[in-house]
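Open the viewer and keep the selection tool at hand. This tour goes stop by stop, saying what to select and what to look for.

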Amino acid sequence: MTQDLLENLNDKQRLAVETDDGPILVLAGAGSGKTRVLTCKIARLMEQRKAKPWEILAVTFTNKAAGEMRKRVEEFAGMMVDGMWIGTFHSICARILRMEIDALGYQSNFSIYDTDDQIRQIQYVMDKLNLNAKQLRPRSVQHIISDNKNRMVSVDRYEQEAANFGDRQIASVYREYEDAMRRNNALDFDDLLLKTLDLFTRHDAVLRKYQSRFKYVLVDEYQDTNKAQYYIVKQIASTHRNICVVGDEDQSIYRWRGADIENILGFEKDYPEATVIRLEQNYRSTQNILDAANAVVANNKKRLGKNLWSHKDSGPKIQIHQLVDENAEALQVVDILKDQYVRNGHAYNDMAILYRTNAQSRALEDRLRRGNVPYTLVGGTKFYDRKEVKDVLAYLRILVNQQDAVALRRIVNYPSRGIGATSQERLETHAAEQGISLYEALQRAAEITTINAGTRAKMQNFAEALDAIVADVDKVSAYELAHLVIDRFRLKEQYQMSSAIEDETRLENINELLNSIAVFTEQARDDDVSLQRYLEDVSLLTDLDRWDPGFSAVTLMTLHSAKGLEFPVVIIAGMEEGLFPLFRSLEREDDLEEERRLFYVGMTRAEDALYLLWAGQRRRFTGDGSGMSYRNTASRFLAEIPSDFKNDRRLDSFASGYRPRQRQRFKERDAFTAAATAIDNEAGYKIGDWVQHDTFGRGQILGIEGSGVGLKLSILFGKKLKKIIAEYANLERLDK
DNA sequence: CAGACAAGGCTTTTT
DNA sequence: GCCTTGTCTG
């Protein structure tokens, strides 16, 4: 099997695949087939009987990438490969810690806190320390703590180095936060890495176990690893020294969260015997796009240097459009998409719109919706961050880990059960005085004489109701537990009673959450359908992991999220000085270079066509002045593209600037109506038709896929785009 | 103690 | 402009 695969590789790729032993550094340019190399390599290791599946550790950047890698390895190897560890740093560390963390004095049912949970805990600590949330914002403290953890600065060191009053204040919050996290039996994202490292450092036997187990260690996107990740990999691989890292210093875009480019630049110093392989043939983009991207990134000083080349045609030039404002920009985007759809036959999911900041999506979404272009948004408000979803998850978390005070605080009076702020405060005080958890205090509410008898009874009722479900945690599946909790605590009720559209959406989100638990229960690979495992999976999921590239819709996402992906047509919006590069990065050369690498990443996502848009005026919500419009000049990056590769269209004058808006509107309608009616189907659904759905209400059809029983409709209900199988949905046609 | 209303902050990127 | 947080009233 792998023989055929090997023959399809180029010489460099084959060398990377066939070099089995010792350290390997693969410098893989954008689109050079590194995923293919990694998957072939893993399949081959097993085929050559160099390693059993469980002796391989592969680290990827997203869970989605991990899932795809596993799928492809299984295809190549022609078998299921259970027991192989593929995942992100965070998920792999969580897995190790579940088994070993008792050595560090935690329990294996620890909670994983996301940024929101962290901020709540910090807020609580600050209240306790009587710190004013206005002078010192919990959000910035969270930032500072996370930043220090990323740089592996412990509380002790931070305390010692705190030079002024402000730093000492932060140090005291940091200290209290760490103590609280331990009491809560909770770890934040950064802790997952740090505690693993801690474990390895303090417990040699544990480290040796993993060192001998993992004969082969492979790391993707190595340029974006931080110090802690670097040490984790180094420690695990130090016995067998079969470590293969793949990366591209030109695509290092996570310095701001502690990624250390030195990790990849210094690999040869760490492993002098390393084989270094450069993959420079690009299989993705046209020569024009590549030449332009090469020219842009060549302006960076800190790089190893490489030049990508391609066998593809030169392709169309990069189209640069100047627009009047963000509105005109969005209209232009719609225009381009429709043109590519109608004229070049590109499907919606062949196209992506990328931007520097999430805030830019709003204007774009607005126009896409009005232009009847189906789209999916990655990022922004994430599904698992929604209030109603977090509420249910908090209940589930407390079932698994009763020490999780952040979860308990969230649900103790939600839905309202008459346990108000004053009573909660007394409960907290009692817990602190007795040195017991908040949950325990709740169970023993009867002893808290400061709280009035009625409220004490309510507390005890609540604790007993929770206890009853906790007793079932190990006996019942995650799905059943979720149902139990939702029924017992009536978590859907308030939304069911309301007729407000946003409450319907909330209800829908709870149902979607239940659905995701059902899917988890069915698909669990290693028979672990426990609630604990589900919660772990969920807390480490990103919005990108929920993205379905096969869904017939245009993708909107940040440039950061787009790393590792590719699209035939790419539009980058907001190419303005101050926005991209972002003004905060203009002062430091290092930051500017990172912005340039980000642009490089964006450009090299495009296979065939690349559009760069900028607006002379853009409304932005900065600190003080609300909704001010700013005048912009073109991004310096546009000028860095040699003129041979671009077609730069500027507005002639201010007066002519407004005319295209009118024209575009007409063009939009004509071109699109034609396209829309062209894709008809036997059931007679047309794009643009209005339908009524039993639960979702009124919606408009934006996309049609498949036929007959498999006919799938993408329907926009309010703000929510749903993919529905026409056969099963009881759709009613509406005239308008 | 809960719900309604107003003020304030926010926007760089993510595990 | 929207969402979260704080304040007021019943």
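In which loop does Asn372 lie? Select Asn372: the loop runs between helix 17 (361-370) and strand 13. This is a predicted model. Asn372 has a positive phi of about 60°, although it is not a glycine. With 19% relative accessibility, Asn372 counts as buried.

**The whole chain**

Now zoom out to chain A. Chain A has 29 helices and 23 strands. Of its 736 residues, 56% count as buried. Take the contacts in chain A with a separation of 6 or more: 73% of them come from residues 24 or more positions apart.

**Strand 14**

Select residues 554-558, which form strand 14. Five of the five residues are buried, so strand 14 is largely enclosed by the rest of the structure. Which way do the residues point? Val554, Leu556 and Thr558 point one way from strand 14, while Thr555 and Met557 point the other way. In a regular strand, side chains alternate between the two faces of the sheet.

Strand 12 pairs with strand 14 in the parallel sense, over four bridges. Ala352 has Thr555 as its bridge partner in strand 14.

**The DNA surface**

Show DNA strand B. How many residues surround DNA strand B? There are 28, and the closest are Arg137, Arg356, Asn358, Gly420 and Thr542. The residues of this surface divide into seven nonpolar, 16 polar and five charged. Helix 20 (residues 421-434) gives the largest share of the surface, three residues.

Turn to the DNA side. Of the atoms of DNA strand B within 4 Å of the protein, 56% belong to sugar or phosphate, and the rest to bases.

- Gly420: a backbone N or O atom lies 2.8 Å from a phosphate oxygen of DNA strand B.
- Ser423: an N or O atom in the side chain is 3.0 Å from a phosphate oxygen of DNA strand B.
- His560: an N or O atom in the side chain is 3.4 Å from a base oxygen of DNA strand B.

The order is 3-2-6-7-1-8, with parallel pairing. Which strands stand at the edges? Strand 3 (85-88) and strand 8 (275-279) do; each has a single partner strand, so one side of each is left without a neighbour in the sheet. Neighbouring strands of this sheet are turned by 15° against each other on average, direction ignored.

Select strand 6 (residues 216-219) and strand 7 (residues 243-247). They run parallel, joined by three bridges. Leu218 stands opposite Cys244 in strand 7.

Bring in the helices. Helix 5 (residues 89-100) packs on the sheet and touches strand 2, strand 3 and strand 6. The direction of helix 5 makes about 120° with that of strand 3. Helix 4 (residues 63-77) lies across strand 2 (56-60) and strand 3, running at about 155° to strand 3.

Select Val246, in strand 7. Is Val246 buried or exposed? At 2% relative accessibility, Val246 counts as buried. Lys34 is 212 residues away along the chain, yet the C-alpha atoms of Val246 and Lys34 are separated by 7.4 Å. Beyond neighbours within four places in sequence, the contacts of Val246 include Val26, Ala28, Leu38 and Tyr222.

Now select Asp20, in the loop between helix 2 (11-18) and strand 1 (24-28). Asp20 is buried, with a relative accessible area of 11%. A polar contact of 3.1 Å joins the side chains of Asp20 and Arg44. Leaving out residues up to four places away in sequence, Asp20 touches Lys41, Leu45 and Tyr216, among others.

**Backbone stops**

Select Asn185, in the loop between helix 9 (165-183) and strand 5 (186-188). Asn185 has a positive phi of about 50° without being a glycine. Asn185 counts as buried, at 1% relative accessibility.

Finish with two prolines. The peptide bond from Tyr414 to Pro415 is cis, with omega near -10°. Pro415 sits in the loop between helix 19 (405-411) and helix 20. The peptide bond from Phe580 to Pro581 is also cis, with omega near 5°. Look for Pro581 in the loop between strand 15 (567-572) and helix 27 (589-603).

Technical notes. Residues numbered from 1 in each chain as written. Chains lettered and ligands numbered in written order. Predicted model: local features only at pLDDT ≥ 70, side-chain atom pairs only at ≥ 80, totals over all residues. Heavy atoms only, no water. Near = heavy atom within 4 Å. Polar contact = N/O pair within 3.5 Å; in protein donor to acceptor, adjacent residues only side chain to side chain. Helix = DSSP H or I, 4+ residues; strand = E, 2+ residues; numbered from the N terminus. Nonpolar A, V, L, I, M, F, W, Y, C, P; charged D, E, K, R; others polar. Pairing = 2+ DSSP bridges. Axes fitted to C-alpha atoms, helices over the stretch in contact; angles between N-to-C directions. Contact = heavy atoms within 4.5 Å. Buried < 20%, exposed > 50% of the residue type's maximum accessible area, 1.4 Å probe, protein only.
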